[in-house]
Amino acid sequence: MPTAVMSSQGAVTALRFGRVAAMGTVAALILIAGVWASWGTAQHVMLTKGRESGTVEVTRCAEDICTGPYTPISQGSQPRDRVTIEHTAAIRKGQTYTVVIKPGSDDVVRSGPSGILYAWVPLGGALLLASVVVAGGLRRTRAAWALAGTGIALLTAAFLTV
């Protein structure tokens, strides 16, 4: 009888370890994906040294892009007749935005605090999603609340500044 109880406890321990390992991996992958998705835009906004910066006045918007003339602010930057910026709820026709040009293209991204926060929005969503995995799969409620709170704070700050 003691052998059956011991093997049952060993199975429970193995299953518990498997659950923690699997859910920990899923949570880590969600967070890595959020950073990866954010970094594509955030690198241009946060690492502005040597990049062209200026303003764009949005004159036309299509389904997913807006265009307008670019006026340089930084030294060495050249004016352009037409640059493109992603059309989001925060971009409106007729408005002027401070932007940074992506190297080697005519694509621009918003700069300043609103641009930084908007660039990290995918990470905010990943933090919220990972909090569910951490709470349910890992049963770490305090860590889950910390992740969720950070995600909500990031998304709220982005919403308020954009």
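Two strands pair if DSSP finds at least two bridges between them. Strands (E, at least two residues) and helices (H or I, at least four) are DSSP runs, numbered from the N terminus. This is a predicted model, in which local features need pLDDT of at least 70, side-chain atom pairs count only at pLDDT 80 or more, and totals for chains, interfaces and linings use all residues. Residues are numbered from 1 along each chain as its sequence is written, and side-chain values use heavy atoms, with hydrogens and water left out.

**Strand pairing**

Strand E5 pairs with both E1 and E6. The table gives each pair.

| Strand pair | Bridges | Direction | A bridge pair |
|---|---|---|---|
| E5 and E6 | three | antiparallel | Val99 and Arg110 |

Val99 has a bridge partner in E6, Arg110. E5 and E6 form a hairpin, with five residues between them. In that turn, Gly104 has a positive phi of about 75°.

**Ser111**

Ser111 sits in the loop between E6 and H2. Ser111 counts as buried because its relative accessibility is 15%. The cut-offs are under 20% relative accessible area for buried, over 50% for exposed, and partly exposed in between (1.4 Å probe, protein chains only). Leaving aside residues up to four places away in sequence, Ser111 touches Val45, Thr98, Val99 and Val100. Contact means heavy atoms within 4.5 Å.

**Domains**

The domain assignment gives domain 1 (54-111) and domain 2 (112-161). Such bounds come from an automatic or database assignment. Taken over C-alpha atoms, the two domain centres are 28 Å apart. Four residues from domain 1 and five residues from domain 2 take part in the contact.

**The largest pocket**

The largest pocket holds about 280 Å³ of space. A pocket is an open set of points on a 1 Å grid over the protein atoms alone, where a 1.4 Å probe fits, with protein on both sides within 12 Å along at least five of seven lines; lining residues have an atom within 4 Å of a point. Its volume is the space filled by probe spheres set on the points. The lining has 20 residues, and the closest to the centre are Thr41, Glu86, Val108, Val109 and Tyr118. Helix H1 (2-46), strand E4 (80-86), strand E6 (107-110) and helix H2 (112-119) each give two or more residues to the lining. Domain 1 and domain 2 each supply at least three. By class, the lining residues are eleven nonpolar, five polar and four charged.

Key: Nonpolar A, V, L, I, M, F, W, Y, C, P; charged D, E, K, R; others polar.
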